[in-house]
Amino acid sequence: MKTATPLAAPPREACASCDVYRAANLKKLGVNLDQWDYVVALAGNPNVGKSTVFNALTGLRQHTGNWPGKTVTRSEGGFEFGGRRYKLVDLPGTYSLLSTSPDEEIARNFVLFGQPDVTVIVVDATRLERNLNLTLQVLEITDRVVVCLNLLDEARRHGITVDERQLARDLGVPVVPTAARYGRGLPELLQAIADVASGKVRCRPRRLEHEPAPLRAALGELVERLRAIYPDLPSPRWVAMRLLAGDERIREALRTGELETLRPAALPREPAESPLAPVS
Ligand SMILES: Nc1nc2c(ncn2[C@@H]2O[C@H](COP(=O)(O)OP(=O)(O)O)[C@@H](O)[C@H]2O)c(=O)[nH]1
Ligand SMILES: [Mg+2]
């Protein structure tokens, strides 16, 4: 088990990546780590086959409920692979993580604060360009990502070919071609998830590399100030970028102290879970 009695002694120092911090935040986000070795988030634009992948991987081992404090449905399930237990959380389908809607806010908070061991981004191979917007945003926040290049059968039907190896090199994360409706590529997807979760495969996600000097200076200054106020904040660079981009939600979260409440000292409540049929 990765996390023993995680909430007994909240950490005082900056340790945004430590297990205790993560477990506390995951719990606040409605995920109890007790029975799981790894937490995997499933992200993607709407209608890319996310639920199909979720159902195929979890079968009947799934529950739905609501996200804590929201009326948005949350589905989570579990699977075992290679002797490890994985908790799979289906995030709301979104085009971005810029939190202009409750769905986007949930997805953003989960990837940012929940710090899943792996975030699987399901993308539509027939609309790759549009789907890469979300992908690049997720890659700014976390470097533990697997891209599930789905609907490959549809792409072929339309004469679209995707060079998945080049895409993996360009993005710096594993890319697994799938046709989830037909179960194709799912064993490979499981293996890629396991490799990233265990650290066997290390991602080198593509990020904005050559920031103009003024931006770099502003980012550096903001990150420093953020660290001083919120030493536990994961991905302060991403938060700083959002602030510079004028993200009202992040600015508000900073002003109202919402970011602060996501620290481990704020004890989470367990949401009720009920077994349910496969989601669609
Ligand atoms: N042809 C094809 N259809 C798929 C594939 N994966 C999912 N679908 C279909 O795409 C539609 C949307 O899938 P769903 O899983 O609900 O997408 P979600 O909105 O991302 O959860 C459904 O009709 C699925 O059967 C695939 O790989 N190939
Ligand atoms: Mg769905």
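A: Start with threonine 178. Setting aside neighbours within four places in sequence, threonine 178 is in contact with Cys148, Leu149, Asn150, Leu152, Arg184, Gly185, Leu186 and Leu189. This is a predicted model, so every contact here is computed from predicted coordinates.

Where does threonine 178 lie? It sits in the loop that links strand S7 (175-177) to helix H7 (186-198). Valine 53 is 125 residues away in sequence, yet the two C-alpha atoms are 9.3 Å apart.

Now follow the contact list to Cys148, Leu149 and Asn150. Strand S6 covers 145-150. Leucine 151 is in the loop between S6 and H5. Its phi is positive, about 60°, although leucine 151 is not a glycine. Leucine 151 is buried too, because 27 other C-beta atoms lie within 10 Å. Helix H5 (152-157) comes next, and H5 gives at least two residues to the shell around ligand 1.

That leads to the ligand. The shell around ligand 1 holds 17 residues, and Gly49, Lys50, Ser51, Thr52 and Arg181 come nearest. By type, the shell has five nonpolar, eight polar and four charged residues. Helix H2 (50-58) also supplies at least two residues.

Valine 53 belongs to the buried set of H2. That set is Lys50, Thr52, Val53, Phe54, Leu57 and Thr58. Two of these, Lys50 and Thr52, are also among the residues that come nearest to ligand 1. Asparagine 47 lies in the loop between S1 and H2. Its phi is about 70°, positive although asparagine 47 is not a glycine. Asparagine 47 counts as exposed, because it has 11 C-beta neighbours inside 10 Å. After H2 comes glycine 59, with a positive phi near 60°.

Next, the strands. Strand S1 (residues 38-44) runs parallel to S4, and five bridges join the two. In that pairing, valine 39 stands opposite lysine 87 in S4. Strand S3 (residues 73-81) pairs with S4 in the antiparallel sense, over seven bridges. There, phenylalanine 79 stands opposite tyrosine 86. The hairpin of S3 and S4 has two residues between the strands, and glycine 82 takes a positive phi near 60°. S4 itself (residues 84-90) has five of its seven residues buried, so S4 is largely enclosed by the rest of the structure.

Then the core. The largest nonpolar core has 60 residues. Val40, Leu42, Ile121, Val146, Val147, Cys148 and Ile193 have the most contacts inside this core. Cys148 is also on the contact list of threonine 178. Isoleucine 193 touches Val40, Val118, Val120 and Val146, leaving out residues up to four places away in sequence.

Just after H9, glycine 246 takes a positive phi of about 80°.

Now the whole protein. It has eleven helices and eight strands. Of its 280 residues, 41% count as buried. Among contacts with a separation of 6 or more, 68% join residues 24 or more positions apart.

Last, confidence. The mean pLDDT is 82, and 79% of the residues reach 70 or more. Two stretches call for caution. Over residues 1-15, pLDDT stays under 50, and the model has 25 contacts beyond four places in sequence there. Over residues 263-280, pLDDT again stays under 50, with 38 such contacts.

How values were computed: Residues are numbered from 1 along each chain as its sequence is written. Chains are lettered from A and ligands numbered from 1 in the order in which they are written. This is a predicted model: local features need pLDDT of at least 70, side-chain atom pairs count only at pLDDT 80 or more; totals for chains, interfaces and linings use all residues. A residue is near a molecule or strand if its C-beta atom, placed from the backbone, lies within 6 Å of it. Helices (H or I, at least four residues) and strands (E, at least two) are DSSP runs, numbered from the N terminus. Ala, Val, Leu, Ile, Met, Phe, Trp, Tyr, Cys and Pro count as nonpolar, Asp, Glu, Lys and Arg as charged, and the others, Gly among them, as polar. A residue is buried if 20 or more other C-beta atoms lie within 10 Å of its own, exposed if 12 or fewer, and partly exposed in between; C-beta atoms are placed from the backbone. Two strands pair if DSSP finds at least two bridges between them. Two residues are in contact if their C-beta atoms, placed from the backbone, lie within 7 Å. pLDDT is the predictor's confidence in each residue, from 0 to 100. A nonpolar core is a set of buried Ala, Val, Leu, Ile, Met, Phe, Trp, Tyr and Cys residues joined through C-beta atoms within 7 Å.
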